[in-house]
Amino acid sequence: MSVRDPDKRTFIRVCLGGVATLAAVGVAAVTYPLFRYYLVPKPSSGSGGKTSIGVNEIAVGDAKFFDYNGTAAVVLKKQDGTIVALSAVCPHLGCIVQWERDRQDFLCPCHAGYFTPDGVVISGPPPRALEKLPLTVTNGMITIG
Ligand code: FES
């Protein structure tokens, strides 16, 4: 029997098609939850709630991400000690930005958008700055909202 046998060719095609389909389903099963968790903001709950974070929970030059009314937000203690709270949702297509401690800037991993620690666009496709969130600092607690 040779590979030129029509029945054998059909069998091999069906097997390869099945393997390719299983591989595609496997890749999708692994990547889709990661995409949903890291890159797509959660829908807003519209609760208008406040979030409190201890000033000492954040090192100078570092950032802490949190859920703010159902969407990703970040509070940052800048190198000069001032504290900033921003939406972590990129204004380009809605991916979640990452804090780059070494560079002291925000990176949107989807299309390489860069923002200053104050959320101002440095480069890339984002059309505007990250949204600033209101905050107060009282008795060692940062209250956002
Ligand atoms: S979604 Fe952030 S740069 Fe495109």
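The chain exposes about 8,800 Å² of surface, 60% of which is supplied by carbon and sulfur atoms; accessible areas follow the Shrake-Rupley method with a 1.4 Å probe, and for residues only the protein chains shown count as cover. Of its 145 residues, 32% count as buried, a term that denotes under 20% relative accessible area (1.4 Å probe, protein chains only).

The model is predicted: local features need pLDDT of at least 70, side-chain atom pairs count only at pLDDT 80 or more, and totals for chains, interfaces and linings use all residues. Residues are numbered from 1 along each chain as its sequence is written, and side-chain values use heavy atoms, with hydrogens and water left out.

Helices (H or I, at least four residues) and strands (E, at least two) are DSSP runs numbered from the N terminus. Among contacts (heavy atoms within 4.5 Å) between residues at least 6 apart in sequence, 44% join residues at least 24 apart.

An open, antiparallel sheet is formed by three strands in the order E2-E3-E4; strands pair if DSSP finds at least two bridges between them.

| Strand | Residues |
|---|---|
| E2 | residues 62-68 |
| E3 | residues 71-77 |
| E4 | residues 83-87 |

Strands E2 and E4 stand at the edges with a single partner strand each, so one side of each is left without a neighbour in the sheet. From one strand to the next, the twist averages 25°, with axes fitted as lines to C-alpha atoms and angles running from 0 to 180 degrees between N-to-C directions. Strands E3 and E4 pair in the antiparallel sense over five bridges. Leu 76 stands opposite Val 84 in E4.

How values were computed
Buried < 20%, exposed > 50% of the residue type's maximum accessible area, 1.4 Å probe, protein only.
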